[in-house]
Amino acid sequence: MLTFLTQRLLQILPTLVLVSMLIFGLQQLLPGDPALIMAGEERDPKVLEEIREQYRLNEPIPVQYFYWMKGVLTGNLGESMRLKSSVASLVAEKLPVTLQLAAMALLIAIGIGIPAGIVSAVKKDTAWDYGANLFALWGLSTPNFWLGILMIFLFSVTLGWLPASGYVRLGENWQASLATTIMPAFVLGNALAAVLMRHTRSAMLQAMSADYVRTARAKGLYEGRVVLKHALRNAMTPVITLLALDFGTLLSGAVLTEQIFTIPGFGKLIVDSVFNRDYAVVQGVVLVTATVYISLNLLADIAYVLVNPRLRG
Amino acid sequence: MTAAALDPITVTSDAREENPWARAWRRLKRRKGAMVGLVIVVLFVLLATFASLIAPYDPTATSWSAVRKPPTWAHWLGTDEVGRDVLSRVIFGARASLSAGLVSVGIAVGVGVPVGLLAGYAGGWIDSVISRMVDAMLAIPFLILAITLAAFLGPSLSNAMIAIGVTATPVFVRLTRGQTLAAKVEDYVEAARAVGNPRWRIALRHILPNIVSPLLVQASLAIAGAIIAEAALSFLGLGQQPPAPSWGSMLNSAQRFIAQAPWMAFWPGFAIFLAVLSFNLLGDGLRDALDPRHR
């Protein structure tokens with residue numbers, strides 16, 4: 001296990017370095033002089049030269065990258081030009097909001113996707129199976145920003161049950177917090193529920209045709225026990241691993257969901273920064289997202305080895 | 001030796017191999033979902049191609065006497081906040097969405113397949129470098145990378161297509177590499193090598209045609225993803241710029257008038273849903289028809 005862990009850690013290091021190079025390289029795509037963009041309305045050559053000195057823009061690109069990375073490794077992701085605060089503190093402020101949203105979305109996706117997948121596999125080629133497959137197709141084909149707008153129209157404008165936008169922290173008032181996040185969490189979890197349904201169905205169908213399930217049935221066990229205790233437990237291994245990877249995808253989906261429901265999270269931060277040309281924030285947020293995604297990949301691999309004794313070596 | 005031993009073996013018509021593409025088409029035709037998907041895709045292509053003939057109004061023509069009108073006989077799907085006909089804008093919007101889907105996947109296939117072929121066939125350090133770069137790109141969630149690239153390139157439909165294409169490329173590199181690794185140890189590749197074919201010829205003439213099926217399936221599913229991504233970028237203001245019609249930008253303006261004019265939001269979203277659904281149905285059907293493991 002230790003050897004496996006060391007190997008995986010050594011594998012992700014070059015990936016992380018390349019990700020940082022890619023994110024830093026994006027800045028080079030910007031047309032024109034970065035100092036002019038940073039200066040905004042200011043066109044005084046003295047001020048521009050000061051900016052160039054401060055951000056080492058006169059240095060060669062590898063040297064600029066070295067200083068940027070040096071800052072990143074010490075927790076300094078740069079400073080937001082627009083909000084006049086450090087990118088690290090902005091990330092620390094916004095990330096919990098998105099994590100709450102993503103965790104709720106994950107719970108909704110598990111609550112819908114896994115039971116639907118089980119029913120679909122157990123009742124293969126029946127109306128239940130077709131219904132579950134149609135639900136999966138609906139989930140995979142519905143743009144979440146459209147679903148969000150339709151839900152606002154139904155639950156906020158027409159029925160008046162839920163607020164259309166805004167966010168209340170969980171610690172402040174948990175009921176208001178749930179009311180503001182339940183719609184966006186459903187919107188975010190909808191596509192994931194469809195993916196989970198398909199994975200669960202496929203894994204369950206494989207498990208249901210395995211010898212140990214046949215043995216369990218031959219022993220005279222109730223069908224419910226065969227399905228839930230024998231087939232499901234084995235089918236869940238790949239599904240749980242995929243869940244860890246899909247959590248990263250939720251961070252991506254949060255970009256649009258937070259925009260529609262005006263939730264001040266990670267996704268809204270990146271969109272606002274993009275439109276205000278606050279590139280230090282964009283770089284910082286993308287770097288943090290990629291690092292979270294790579295870490296989740298690693299955790300998924302470790303979980304897979306832990307639950308699968310044949311891979312322990 | 002007897003005469004019977006020297007008799008030539010006659011190949012009967014039953015033993016003749018069916019063309020693999022004809023077989024795939026026969027299998028595809030049997031799948032109702034895939035055929036429904038294909039029909040809707042064809043309808044969208046026709047809508048996009050003949051938009052100027054089909055659309056009842058100019059999609060950019062405003063009318064202050066018809067602001068936010070609900071569906072009527074004059075405007076079947078209603079009008080928007082400046083009196084433009086929603087139906088005409090949905091029809092013309094198909095152009096932006098379909099061209100974004102096709103062009104961005106074209107970029108991803110055009111770059112990803114040769115690079116994946118090179119990585120899988122050459123192996124060694126070339127494979128290591130390409131694989132690490134692919135890992136790095138895949139580590140950044142799809143939409144976040146697409147938004148970042150589109151923002152750095154500048155907001156326009158063509159830049160959105162480039163951003164989506166670049167973002168979708170690593171999936172094609174990884175898929176082609178994997179398929180090439182599996183194909184290059186097959187007997188037919190060994191045979192092609194044994195008769196002295198150069199490496200580029202083996203890769204292009206022997207390996208590539210044999211790995212087309214999974215690439216085709218991935219391409220049709222990637223078009224669905226690219227249509228959603230273009231709509232998302234246009235929704236955020238990073239894709240098609242107003243007043244040119246695009247389903248995503250129509251949803252963006254509709255969001256502000258959801259209480260007064262819900263039809264403005266319903267139809268462009270439904271068009272995205274239908275287009276994505278049709279490519280997903282077609283992709284699923286193609287996978288079943290072309291991949292023996294899914295039969």
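Colleague: What pLDDT do local features need here?
Modeller: Residues are numbered from 1 along each chain as its sequence is written, while chains are lettered from A and ligands numbered from 1 in the order in which they are written. The pLDDT is the predictor's confidence in each residue, from 0 to 100. As this is a predicted model, totals for chains, interfaces and linings use all residues, side-chain atom pairs count only at pLDDT 80 or more, and local features need at least 70.

Colleague: What is the phi of A:Asp125?
Modeller: A:Asp125 sits in the loop between α5 (87-122) and α6 of chain A. Helices (H or I, at least four residues) and strands (E, at least two) are DSSP runs numbered from the N terminus. A:Asp125 is not a glycine, yet its phi is positive, at about 65°.

Colleague: Where is B:Arg68, which also has a positive phi?
Modeller: Phi of B:Arg68, a residue other than glycine, is near 50°. With 15 other C-beta atoms within 10 Å, B:Arg68 is partly exposed. Its place is the loop between α4 (51-54) and α5 of chain B.

Colleague: Which peptide bond is cis?
Modeller: The residue B:Pro243 belongs to the loop between α11 (212-236) and α12 (247-256) of chain B. Omega is near 10° for the cis bond, which runs from B:Pro242 to B:Pro243.

Colleague: How many helices does chain A have?
Modeller: The pattern of chain A along its sequence is α-α-α-α-α-α-α-α-α-α-α-α. Strands number 0 and helices number 12.

Colleague: What box do the C-alpha atoms of chain A fill?
Modeller: Of the 313 residues in chain A, 38% are buried. Taken along the principal axes, the box is roughly 85 × 60 × 35 Å.

Colleague: Which element gives the most to the side of chain A that touches chain B?
Modeller: Two residues are in contact if their C-beta atoms, placed from the backbone, lie within 7 Å, and 36 residues of chain A and 34 residues of chain B take part. Among the elements that give two or more residues on the chain A side are α1 (2-26), α10 (223-260) and α12 (279-307) of chain A. With 8 residues, the element that gives the most is α10(A).

Colleague: How many charged residues are on the side of chain A that touches chain B?
Modeller: Ala, Val, Leu, Ile, Met, Phe, Trp, Tyr, Cys and Pro count as nonpolar, Asp, Glu, Lys and Arg as charged, and the others, Gly among them, as polar. That side has 28 nonpolar and 8 polar residues, and the number of charged residues is none.

Colleague: How are α3(B) and α5(B) oriented to each other?
Modeller: Axes are lines fitted to C-alpha atoms, for helices over the stretch in contact, and angles run from 0 to 180 degrees between N-to-C directions. Helix α3 (residues 32-49) and helix α5 (residues 86-122) of chain B pack at about 110°, with axes 8 Å apart. Angles under 35 degrees count as roughly parallel, over 145 as roughly antiparallel, 65 to 115 as roughly perpendicular and the rest as oblique. The relation of α3(B) to α5(B) is therefore roughly perpendicular.

Colleague: How are α6(B) and α8(B) oriented to each other?
Modeller: Helix α6 (residues 124-138) and helix α8 (residues 157-183) of chain B pack at about 140°, their axes 9 Å apart. The contact includes B:Val134 of α6(B) and B:Val173 of α8(B), and by class it has 6 nonpolar, no polar and 1 charged residues. The relation of α6(B) to α8(B) is therefore oblique.

Colleague: Which part of chain B has the lowest confidence?
Modeller: Chain B averages a pLDDT of 89, and 93% of its residues score at least 70. Where pLDDT is low, predicted coordinates should not be read in detail. In chain B the highest confidence, 96, belongs to α4(B), and the lowest, a mean of 54, to helix α1 (residues 3-6).

Conventions: Buried ≥ 20, exposed ≤ 12 C-beta atoms within 10 Å, placed from the backbone.
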